[in-house]
Amino acid sequence: MSLYELRNIRHGYRGRTVLIIDHLLIEEASMTALTGPNGAGKSTLLRLLALLESPVEGEVRLAGEVVGPESRQRRQRIGWVMQQPYLFHGSVVENVMLGLKFRKVKKRRQRALAVLSQLGFDADPGRAAEVLSGGQRQLVALARCLVLDPEILLLDEPFNHLDRRAARRLESMLARWVEEKGGTVIFSCHDEGRARRLAGSSIALQEGRLVPGQGVNVFWGRCVGDRFVTQKIEMILPAPAKGSQAMVAFNDIILSLQPFRSSIRNRFQGTVAGMAEVNGKIQVTVLAGEQFECLVTRSAIKEMGLTVGQPVWINFKSTAIKIM
């Protein structure tokens, strides 16, 4: 189910347009990576999703409702961590407890310390926040969000200042948070490898527009012999394998109105959930148990008469699946 939907977005500052998105869907209970170079529009998109700004044109929908900075109740569901987070004067634990204090929550210190422990924060929680390293500040800001139990986490370059061990721990924690709590994580990232490994879907931006990027669908699950099993579908592999992630490139998926009668072994019936122009092609979102993204030419869209809500088939070879 779509959590966010953006339509006809035009956004900028002082008369300069920095973000142009005709249509974009982001699914709930998932992890989505925003990739692209500096200045691509990743932080701007995150601010719109955080309801900190309203687009100059177009609309942002959250759970079907048009939203913006005035949507106070919706904003309380969202945890937002900037690339360079601001911490208040005082200790680490006081910073983490701040939101709980405003909401008059009991056992604030106990909850704050528990979240810091989950994140692997290994410094003294009584230490002054202003003397922390960049990586420590990032973890404290994230703990300040998580302690309020949000439903959505928006993270701007959360791995930038972390060492390898801390980054791996954060990756595992975010994956568990999505799986166990059904939360939604959207994070910006320069590392395409991390985006493919960690996120279920990826949104690539360049000069404020959607581009194909690496174009890889990522699914979490487990290998059972020559099958990869998620909570919703079962994919056929070319041979028995081991791993917890399956990846299928957008370009390796064939979209059809009927299932292919060929050597293709993976076929899933679904429904078109969205379409967006991406660098001359159409990126089609299909809900077929799992969410699939594929790239289709304009002529193929016209020939099939493809529309949102239409039943379609996802088809791809077993050799198109990469296991990690």
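This is a predicted model: local features need pLDDT of at least 70, side-chain atom pairs count only at pLDDT 80 or more; totals for chains, interfaces and linings use all residues.
Stop 1: Select β1 (2–13), β2 (16–27), β4 (residues 57–62) and β5 (65–67). Together they make an open sheet of four strands, in the order β2-β1-β4-β5, and the pairing is antiparallel. Which strands stand at the edges? They are β2 and β5; each has a single partner strand, so one side of each is left without a neighbour in the sheet. Look along the sheet and compare strand directions: neighbouring strands are turned by 30° against each other on average, direction ignored.

Stop 2: Keep β4 and β5 in view. These two strands pair in the antiparallel sense over three bridges. Now pick out Val60; opposite this residue, in β5, stands Val67.

**Stop 3**

**Stop 4: the loop between β1 and β2.** Select Arg14, which lies in this loop. Its phi is positive, about 50°, although Arg14 is not a glycine. Most residues other than glycine have a negative phi. Is Arg14 buried or exposed? Its relative accessibility is 91%, and exposed means over 50%, so Arg14 counts as exposed.

**Stop 5: the loop between α3 and α4.** Go to Lys107, in the loop between α3 (92–102) and α4 (108–118). Here too the residue is not a glycine, yet Lys107 has a positive phi of about 55°. With a relative accessible area of 63%, Lys107 is exposed.

Stop 6: Select α3 and α4. Two packed helices are described by the angle between their axes and the distance between the axes. For α3 and α4 the angle is about 120° and the axes are 9 Å apart. The two helices are therefore oblique to each other, and their crossing is right-handed.

To see the contact, show the side chains on both helices:

- from α3: Val92, Val93, Val96, Met97, Leu100 and Lys101
- from α4: Arg108, Arg109, Arg111, Ala112, Leu113 and Leu116

What classes of residue make up this contact of α3 with α4? Eight are nonpolar, four are charged and no polar residue takes part. Colour the selection by class to see how these residues are arranged.

Notes
Residues are numbered from 1 along each chain as its sequence is written. Side-chain values use heavy atoms; hydrogens and water are left out. Two strands pair if DSSP finds at least two bridges between them. Axes are lines fitted to C-alpha atoms, for helices over the stretch in contact, and angles run from 0 to 180 degrees between N-to-C directions. Contact means heavy atoms within 4.5 Å. Buried means under 20% relative accessible area, exposed over 50%, partly exposed in between (1.4 Å probe, protein chains only). Angles under 35 degrees count as roughly parallel, over 145 as roughly antiparallel, 65 to 115 as roughly perpendicular and the rest as oblique. A crossing is left-handed if the near helix is turned anticlockwise from the far one by less than a right angle, and right-handed if clockwise. Ala, Val, Leu, Ile, Met, Phe, Trp, Tyr, Cys and Pro count as nonpolar, Asp, Glu, Lys and Arg as charged, and the others, Gly among them, as polar.
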